[in-house]
Amino acid sequence: MLKENLAMLRNIHGYSQEEIAEKIGISRQAYAKWESGATIPDIEKCSLLAQVYGTTIDSLVRTESVDGIGMLPPAPIGKNIWGVVTISDRGQIVIPKGARDRFELTGGQRLVVGSDERGIALIPAKIFEEILKKGMEFMTGNDEAGEY
C-alpha cells in the first residue's frame, strides 16, 4: 500500500527519489527502500511525506481501487474520491453513500450543478444560496459583520 502510493505520488508530482529524500532530510537510498517495500518510514517521516505530497498520513498509507479504473492515487487534503457512478438512460446517478453521509444529502434535497472544463460539481443549493447572499452583501456594502 504505502510503497505503491509513494511511487505514484512521486511520479504524479514529477519528483525524483533524490528530490523527495532531500525535502524530508534522508538519503535517496532510504527513500528507495520505502518505495520498494524493503523498509517503512516512521510516523514523523510519514507526516513530512504527507506534507510534501499535500495529502494526509491516512491517505498515504491506504490504497483504494475502483472497478474498471484500478488503483487510485491518494487524494489531496480536503479532496475525496467517492467511487464511480453510472449514468442511467434517463440521466440519473446514485451518489455514493459515503458522499451522501459526509454532506448530509437526503432524498428530495436540491443541488446546484456546476462545472468547469474538466468535470461536474454538485453543491447543496442551501450552501450555494448562502454563498451568493454573502457575495451580494459584500458587493452592496451590507456586510454588517465585516467578516468578508
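1. Helices (H or I, at least four residues) and strands (E, at least two) are taken here as DSSP runs, numbered from the N terminus. The model is a predicted one, in which local features need pLDDT of at least 70 and side-chain atom pairs count only at pLDDT 80 or more, while totals for chains, interfaces and linings use all residues. Residue numbers start from 1 along each chain as its sequence is written, and side-chain values use heavy atoms, with hydrogens and water left out.

2. Overall make-up. The chain has seven helices and four strands, in the order α-α-α-α-α-β-β-α-β-β-α along the sequence. Its radius of gyration is 21 Å, well over the 15 Å that the globule rule gives for 148 residues, so the chain is more spread out than a compact globule. That radius is taken over C-alpha atoms, and the rule is 2.2 Å times the number of residues to the power 0.38. Along the principal axes, the C-alpha atoms fill a box of roughly 55 × 45 × 25 Å.

3. Of the 148 residues, 20% are buried; buried means under 20% relative accessible area, exposed over 50%, and partly exposed in between, with a 1.4 Å probe and protein chains only. Contact means heavy atoms within 4.5 Å. Among contacts between residues at least 6 apart in sequence, 33% join residues at least 24 apart.

4. Largest nonpolar core. A nonpolar core is a set of buried Ala, Val, Leu, Ile, Met, Phe, Trp, Tyr and Cys residues joined through side-chain atoms within 4.5 Å. The largest one here has 13 residues, of which L6, I20, Y31, W34, L49, Y53 and L60 touch the most other members. Two or more residues each come from helix 1 (2-13), helix 2 (17-24), helix 3 (28-36) and helix 4 (43-53). Helix 4 gives the largest share, four residues. In soluble globular proteins, nonpolar side chains tend to be buried together.

5. Y53 and R10. Beyond its neighbours within four places in sequence, Y53 is in contact with L6, L9, R10, H13, Y15, I20, Y31 and L60. R10 lies in helix 1 and is buried, at 12% relative accessible area. With the neighbours within four places again set aside, the contacts of R10 are Y15, S16, Q17, I20, Y31, E35 and Y53.

6. Helix 2 against helix 3. The two axes come within 8 Å and cross at roughly 110°; they are lines fitted to C-alpha atoms over the stretch in contact, with angles from 0 to 180 degrees between N-to-C directions. Helix 2 and helix 3 are therefore roughly perpendicular, the term for 65 to 115 degrees (under 35 is roughly parallel, over 145 roughly antiparallel, the rest oblique). Helix 2 contributes Q17, E18, I20, A21 and I24 to the contact, and helix 3 contributes R28, Y31, A32, W34 and E35.

7. V112. This residue sits in strand 3 (residues 111-115) and counts as partly exposed at 23% relative accessibility. V112 touches A121, L122, I123, A125 and F128, not counting residues up to four places away in sequence. The C-alpha atoms of V112 and A125 are 5.3 Å apart, for a separation of 13 residues in sequence.

8. E104. Which loop holds E104? E104 is in the loop between helix 6 (97-102) and strand 3. Its phi is near 50°, a positive value in a residue other than glycine. Most residues other than glycine have a negative phi. E104 counts as exposed, at 65% relative accessibility.
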